[in-house]
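Hi there,

Here is the structure I promised to pass on to you.

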Amino acid sequence: MTPFLQAIGIDKTYPGGVHANQGIDLSVARSTVHAVVGENGAGKSTLMKILFGVEQPNAGEIRLEGNPIVLPSPRAAIAAGIGMVFQHFSLVPSFTVAENVVLGGEPRAGLKLDRKKASDTVRELAERFRLPVDVDVPVEQLPVGQQQRVEILKALYRDARLLILDEPTAVLAPQEVVELFAAVRSLTSQGRTILFIAHKLPEVLEISDTISVMRGGKMVGTVAAKDATEKSLARMMVGRDVALKINRAAPGIPHTHLCRISDLTVKNDHGLNAVSDVNLILRTGEIVGIAGVEGNGQSELFDAIGGLRPIASGSVELGKTDITHISVLERRAAGMANIPEDRIATGSAGGATVAENIVATELTDTRFVRHGLLDLKSIRAHAVKLIEKFSVRVQGPESAIGTLSGGNMQKVVVARELSSEPSLLLVSHPTRGVDLGATEFIWQNIAKARDAGAAVLLTSADLSEILALADRMIVLYRGRIVAAFVNSEEVTPEVLGSYMLGFAEQSAEERNAALA
Amino acid sequence: MTQGRLILSETGRIVMAAIFALAVTLVIIFFASKTPWATFETFVTSPLSSKRTIGIWIDDSVKLALAGLAFSLVFQARQFALGVQGQVYIGGLFATLVAFSPLGTTWIALPAGILAAMIGGAVIGFIPGYAKSKLGANEIVSSLMLNYIAYDVCNYVLRVYLASLESGLTTSASFPPQSIYPAFIPRTRVDFGIVVALATTLVVWFLLYRTAWGLKLRLTGHNARFAAYSGIRSSFIMVSAMTAAGAIGGLLGAVFVQGTAYGKLSIGFEAGMAFEGILITIVARNRPLAIPFVALGYGYLRQGAALMNYRADVPAEVIGIVQGIVILLVASSFTVPGKAMLARLMGNRTAASRATS
Amino acid sequence: MNEIIATILSATFVAAVIRTTTPILFASLGGLLSDLVGSLNVALEGIMLIGALTAVIVSAHAPWYIGVLAGLAAGGLLGAVMALFHLRFKADIILVGFAINIIAAGGTVTVLTYATGGDKGTSINIPSKAVPALDLSFLGNIPAIGPFLREVLSGHSYLTWLAAFMVYAIWYFLYRTPEGLRFRAVGEYPPAAEAAGIAPNRLRTYGLIASGCLAGLGGAQLAMFSFVGFTRDMTAGRGFIALGAVLLGRRHPIGTMIAAVLFGFFEALSIALPGILKWMPGELIHTIPFVVTVLALMLSSRRKVTA
């Protein structure tokens with residue numbers, strides 16, 4: 001039988017030089033769930049973007065039901081019967097579910113939008129594929145799990161026969177995962193094919209019929225789910241021992257309490273609690289990792305401590321200073337530094353020079369500014385020093401930072417934040433979209449800051465990063481700490497995962513043992 | 001990019017803009033004039049035809065440069081406050097009040113008038129900034145509204161308190177000589193205004209590139225979120241930039257009324273010149289040191305257009321069309337075929353060097 | 001004070017408000033359509049001005065409605081130019097808008113000079129036509145409120161009724177038609193529209209063209225009804241006030257209309273006041289619409305402040 005979808009020899013090199021897909025072959029059978037697994041950066045997303053027409057391959061062929069097709073755009077993919085649900089939804093917040101689903105292919109009655117028909121069609125579709133959702137409610141009022149259903153309905157409304165789900169469970173609560181899987185089974189039983197991207201092995205094994213493993217831009221192998229185990233898959237995913245080893249904080253050194261976060265509550269942009277009653281003590285010379293599914297309060301927690309978001313209640317003390325309500329400048333003066341989640345939107349001013357970006361946080365330092373005047377010589381010297389120390393590949397300190405590659409830009413941000421020799425270092429997703437060489441370098445420098453006595457608070461979407469760096473770990477679930485661990489061999493991604501998804505919650509005693 | 005290459009590429013851009021302007025003018029003249037070549041010749045050569053016209057050209061350039069500097073400050077902070085016109089009227093009015101006060105006949109008349117004008121302009125600049133940072137009012141609309149209000153207020157004071165039958169109903173009496181700039185070249189408009197413009201250029205450059213405030217302002221303009229994250233109080237920067245720009249607008253008002261060209265307050269004395277500062281600063285890419293050169297170049301075209309109005313059959317207002325089209329062209333990013341190719345080659349080279357790192 | 005209140009409550013004043021509102025309303029609705037798809041149209045002022053002059057000149061050689069259509073077309077063309085430079089050549093929309101305003105200020109005077117044979121001030125020697133008024137004097141036959149209704153509603157320009165209809169039509173378009181749904185989707189969250197196979201830039205282009213057409217109509221009303229003939233800078237800030245109405249109107253046609261009526265009211269007041277408050281200087285009365293616009297913006301803005 002011809003496979004429903006075939007990708008043959010797909011090759012993709014990004015303009016920046018990253019060789020994301022190298023001769024990928026993939027063959028997806030009709031009416032099955034086919035999972036593609038791999039670590040972050042393995043090239044899964046690139047492959048899916050190619051299959052959905054977002055990216056164009058440099059070489060290779062795509063066949064749908066045996067016929068070669070070209071997918072110059074998502075529109076072409078949709079027309080060919082391929083739908084995709086991204087991790088970031090594209091829904092119009094104020095529109096109802098029905099409006100969002102029919103947008104772009106609206107039923108009409110004369111001039112008018114036929115709202116009744118739209119609602120009825122979407123309702124039928126939802127019932128048929130077991131995706132229950134109230135079709136007349138604005139999507140902004142729906143929880144994430146239901147918004148995801150709307151995205152799936154959008155694809156089905158356009159008659160997608162192949163549905164690509166990009167890490168669909170990453171944003172879901174456990175109960176929602178169960179519901180999603182029920183819908184997925186109902187889809188395959190009705191002849192639809194699912195391509196499922198994931199890196200959480202238990203759920204992959206639960207839902208898939210076939211599993212393909214990618215590693216470092218290559219396809220490592222394809223196995224039937226019934227023949228696979230978590231262990232065998234993990235071996236394929238990791239391949240060799242690539243885990244970058246970072247030495248933990250040396251044992252036996254007394255760690256003094258540096259930063260005390262008490263009963264911290266922070267609201268999100270919609271005025272809802274994003275972080276609730278978090279209590280945490282950070283100690284000098286130690287990295288505390290925060291694990292959690294994206295959107296469980298990590299960003300808000302870091303923004304609040306960093307001074308970019310008001311604290312609704314509770315307090316944060318740094319040393320003897322209460323920094324709860326003080327300005328960013330005062331926080332920085334008190335010893336805080338912050339490597340932000342998004343180096344382009346938050347961490348740099350793209351049009352300004354590297355030197356200006358480096359000195360931006362130090363404009364009260366008399367080394368660089370005296371009587372309101374800039375000391376250009378020392379600003380330049382400082383920038384040159386950091387560029388050398390962090391081996392940033394750049395023409396010179398006068399280059400605009402926006403012209404640097406992602407890894408080099410991140411190095412500048414890290415260099416700047418570490419150069420103030422902070423006592424409290426906030427680190428969010430430090431190596432997102434950064435190549436392996438820079439990753440290792442950045443990790444080592446964070447560890448160096450720790451060894452110099454900084455208390456580091458780290459979060460990352462990449463659990464292996466947290467496991468590699470952190471001395472203690474806490475898990476945030478819906479803005480609360482549900483688990484805390486001292487890092488050890490027993491703490492695996494699976495253990496963290498069960499807490500991250502809210503399957504389990506530690507008792508207060510267990511938690512406090514690792515929190516104190 | 002090194003300083004030298006930067007200057008080279010910026011100069012190239014400005015020359016490009018000048019070529020655009022000449023080409024557009026030529027096209028318009030071909031449509032508008034019965035004797036296009038003669039008219040174009042008048043346009044291109046007449047500003048240099050006499051000592052007087054050269055003087056007017058220089059004087060116009062002084063004013064254009066000041067208007068450009070005022071806009072450059074707010075544009076560098078990425079604020080679209082367009083209130084220079086209103087600041088000019090209020091500044092001119094305040095300088096006039098000082099000129100007719102007891103101070104007006106003393107040696108302190110000029111500095112006092114300038115200071116008063118700058119304070120008045122700063123207030124007009126401050127209002128939209130404050131309204132934006134505290135109340136979220138769009139600065140484009142509020143600054144434009146203030147232009148109309150300032151114009152009316154200026155005219156009101158002029159009509160009721162300053163104009164008389166002897167002076168003509170649309171102007172005040174002439175200022176006392178101590179309140180008028182000394183002329184550098186007799187019987188021309190070349191006067192102390194040049195010093196004011198050059199000094200302001202240096203001050204604005206210094207503020208933007210040598211002070212912490214200027215760096216904060218530019219960083220806020222590049223990325224306001226980054227500024228907040230770095231600990232820069234961007235709303236203070238935003239308001240102070242608009243206020244400082246207002247002071248320059250007010251200063252321009254003083255230069256208008258205190259200059260030898262007027263030496264008095266007249267209705268509508270600014271004649272729309274304030275808005276031409278937008279063109280100046282856009283072509284100069286908001287860089288203060290480039291502004292005087294752009295102002296001289298554009299001032300020349302403007303003077304050519306004005307003389308063309310008298311000596312040929314094309315109205316001076318065509319310069320508005322030229323100005324608008326040049327803004328459109330300069331603000332656009334056209335892809336020159338060769339440039340894209342070059343960028344790709346450069347991109348590959350850096351990619352390759354990264355791969356080996 | 002009583003005299004002012006009596007004036008405001010009089011039928012003639014209400015009719016005057018309707019007259020002053022019409023051009024602002026056209027321009028505001030235009031501004032709304034481009035703002036909805038993400039381009040703040042600061043060129044309303046200039047487009048009105050060019051629309052006004054075009055309407056005047058064309059109407060001298062053609063029936064009045066051709067003049068009006070010409071004003072509309074000129075506006076639409078300018079909207080298309082803005083779309084070209086903003087969307088295609090990536091120029092900042094504010095700068096593009098201002099360039100159009102500057103071109104309009106200089107260009108209208110230039111063209112006027114040629115059209116009149118040398119007059120740079122007014123089009124007085126061009127035999128331009130006026131938009132006819134719609135006679136509804138039969139309303140006077142209705143008992144009790146009839147005379148009041150006749151005073152208020154009769155004798156307005158055809159375009160006034162068109163403007164009122166446009167409020168409804170734009171509302172219907174935005175909230176009842178599939179195209180309106182797409183329009184709003186682009187305005188609220190472009191990636192969603194894109195994912196649904198809609199090209200945001202195409203709708204933005206339509207928005208800017210429609211914006212220009214409506215502002216052009218506003219100009220035509222100004223020069224062919226409010227005043228008969230063109231005068232230099234005759235828009236006198238109305239386009240900017242309309243922009244204020246757009247910001248005030250909460251991205252909804254009804255809200256925009258209310259804001260336009262508010263500004264129309266104060267313009268009418270500034271016209272009526274000199275007759276009542278003889279002591280008050282004309283210049284200061286003239287500032288009323290502008291002061292009101294600034295205050296209204298300050299007091300009502302809840303838009304997020306972005307530095």
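In what order do the six strands of the open sheet in chain A come? Please keep in mind that this is a predicted model. The order is E6-E9-E10-E3-E11-E12, and the pairing in this open sheet is mixed. Strand E6 (82–85) and strand E12 (218–224) of chain A each have a single partner strand and stand at the edges, so one side of each has no neighbour in the sheet. On average, neighbouring strands here are turned by 20° against each other, direction ignored.

Now to the helices. Helix H1 (residues 44–51) of chain A lies across E3, E6, E9, E10 and E11 of chain A, and runs at about 150° to E9(A). Helix H5 (residues 144–157) of chain A also packs on the sheet, where it touches E6 and E9 of chain A. The direction of H5(A) makes about 170° with that of E6(A).

Finally, the contact between chains B and C. Chain C gives 43 residues to the contact and chain B gives 45 residues. On the chain C side, helix H5 (93–116), helix H11 (238–248), helix H13 (282–286) and helix H14 (288–300) each give two or more residues. H5(C) has the largest share, with 14 residues. By class, this side of chain C has 26 nonpolar, 11 polar and six charged residues.

Definitions and conventions: Residues numbered from 1 in each chain as written. Chains lettered and ligands numbered in written order. Predicted model: local features only at pLDDT ≥ 70, side-chain atom pairs only at ≥ 80, totals over all residues. Pairing = 2+ DSSP bridges. Helix = DSSP H or I, 4+ residues; strand = E, 2+ residues; numbered from the N terminus. Axes fitted to C-alpha atoms, helices over the stretch in contact; angles between N-to-C directions. Contact = placed C-beta atoms within 7 Å. Nonpolar A, V, L, I, M, F, W, Y, C, P; charged D, E, K, R; others polar.
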